[in-house]
Amino acid sequence: MVKINGTDCDMDGKTVAEYLALAGYNPKLVAVEKNGDIVPKAQYDTAVLGDGDTVEVVSFVGGG
Amino acid sequence: MPEEGRHFPSKEEMQKALEERHGADLQRKFSAASVAVCGLGGLGSNIALSLARAGIGRLHLIDFDKVDVTNLHRQQYAAGQVGMYKTQALRDNLRAVSPYIEIVTDTVRITEDNLRELLAGDAVICEAFDGAENKAMLVNGVLEQFPEKYIVAASGMAGISPGNEIRTRKITPRFYLCGDGTSDAAECSGLFSARVMLCAAHQALAVLRLLAGETEV
């Protein structure tokens with residue numbers, strides 16, 4: 001299981017890009033942290049989520 | 001009749017007053033710091049004012065836009081500054097309250113291509129943009145290109161929901177995020193000065209705490 005934004009999700013083996021698409025995120029609006037480090041945008045297609053990973057997806061909203 | 005006691009404080013007087021309020025050790029850290037404020041709207045103008053009052057030694061103000069009449073309800077500009085570049089108007093307003101700090105301005109739009117050059121000299125970077133895509137671009141760009149810097153960003157301060165929903169979160173050891181996380185300016189009815197200022201105050205406080213070596217939230 002992968003803990004994503006505090007919830008255990010069955011996403012083992014999925015890439016970051018695949019997870020974002022499945023969960024309905026717009027990849028242009030997010031920052032993704034995995035196990036304490038930011039996942040570079042260029043690695044969304046290749047970074048694979050694995051059992052025990054902790055992930056935080058920040059999806060920005062407008063206003064400032 | 002002359003107003004008794006009215007005078008313009010000297011640099012030494014202001015430094016002493018800051019040391020009295022913040023403590024000499026902490027003030028030394030604030031005075032030695034360089035902080036960038038990216039976007040000078042409701043968030044950025046309020047962040048910059050807080051940091052200028054705290055005596056941050058060098059503030060780097062970046063925005064491409066001019067002051068518009070629709071900005072005046074929440075941004076730290078005067079009616080007579082409509083039409084001025086925000087960098088110049090805010091520099092004037094910061095100088096009026098904190099005349100001896102260094103203020104550097106760049107009147108440009110920050111992009112993935114120029115952020116490395118623009119932000120090289122700043123230890124802490126405040127993301128204070130309006131648009132969600134720009135926010136994500138700056139946060140990712142800074143964290144990818146400058147692993148040693150801190151970024152303090154904001155997401156979710158539109159509308160008139162309770163202020164207690166605004167908070168500061170630590171996403172990574174270098175990435176702090178303020179706001180309620182959900183109130184989108186495109187969906188909520190408007191932006192309100194008090195709520196935007198709350199979020200800006202969270203960001204400014206996060207910066208001061210980082211400079212003080214306080215890394216927890």
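# A first look at chains A and B

Among the contacts in chain A between residues at least 6 apart in sequence, 55% join residues at least 24 apart. Welcome to this structure, which is a predicted model. Chain A is built from one helix and five strands, while chain B has seven helices and seven strands. The points below take each chain in turn, then visit an aromatic pair and a loop residue.

**Chain A: fold and overall form**

- Starting at the N terminus, the elements of chain A come in the order β-β-α-β-β-β.
- Chain A has a radius of gyration of 11 Å, close to the 11 Å that the globule rule gives for 64 residues, so chain A is as compact as a globular protein of that length.
- Taken along the principal axes, the box filled by the C-alpha atoms of chain A is roughly 35 × 25 × 20 Å.

**Chain A: surface and charge**

- Of the 64 residues in chain A, 42% are buried.
- Chain A carries 5 positive and 10 negative side chains. The centres of these two sets lie 7 Å apart.

**An aromatic pair in chain A**

- How many aromatic pairs does a search of the whole structure find over all chains? The search finds one.
- The partners are Y19(A) and Y25(A), whose ring centres are 6.3 Å apart and whose planes meet at 50°, so the pair is tilted. For reference, planes under 30 degrees apart would count as stacked and those over 60 as edge-to-face.
- Is Y19(A) buried or exposed? With a relative accessible area of 9%, Y19(A) is buried, because buried means under 20%.

**Chain B: fold and overall form**

- Along its sequence, chain B shows the pattern α-α-β-α-β-α-β-α-β-α-β-β-β-α.
- For chain B the radius of gyration is 17 Å, close to the 17 Å that the globule rule gives for 217 residues, so this chain too is as compact as a globular protein of that length.
- The C-alpha atoms of chain B occupy a box of roughly 55 × 40 × 35 Å, again taken along the principal axes.
- What share of the contacts in chain B with a separation of 6 or more comes from residues 24 or more positions apart? Such residues account for 69% of them.

**Chain B: surface and charge**

- Buried residues form 47% of the 217 residues in chain B.
- Chain B has an accessible surface of about 10400 Å², and 51% of this belongs to carbon and sulfur atoms.
- There are 23 positive and 28 negative charges in chain B, and their mean positions are 3 Å apart.

**A loop residue in chain B: T107(B)**

- Where does T107(B) sit? You can find T107(B) in the loop between β3 (102-106) and α5 (115-118) of chain B.
- T107(B) has a relative accessible area of 33% and is partly exposed, because that class lies between the cut-offs of 20% and 50%.
- Leaving aside residues up to four places away in sequence, T107(B) touches D63(B), F64(B), Y85(B) and T87(B).
- T107(B) and K66(B) are 41 residues apart along the chain, and their C-alpha atoms are separated by 9.6 Å.

Key:
Residues numbered from 1 in each chain as written. Chains lettered and ligands numbered in written order. Predicted model: local features only at pLDDT ≥ 70, side-chain atom pairs only at ≥ 80, totals over all residues. Heavy atoms only, no water. Helix = DSSP H or I, 4+ residues; strand = E, 2+ residues; numbered from the N terminus. Rg over C-alpha atoms; globule rule 2.2 N^0.38 Å. Buried < 20%, exposed > 50% of the residue type's maximum accessible area, 1.4 Å probe, protein only. Contact = heavy atoms within 4.5 Å. Lys, Arg positive; Asp, Glu negative; His and termini not counted. Charge placed at Lys NZ, Arg CZ, Asp CG, Glu CD. Phe/Tyr/Trp six-rings, centres within 6.5 Å; stacked < 30°, edge-to-face > 60°. Areas by Shrake-Rupley, 256 points an atom, 1.4 Å probe, with all protein chains shown as cover.
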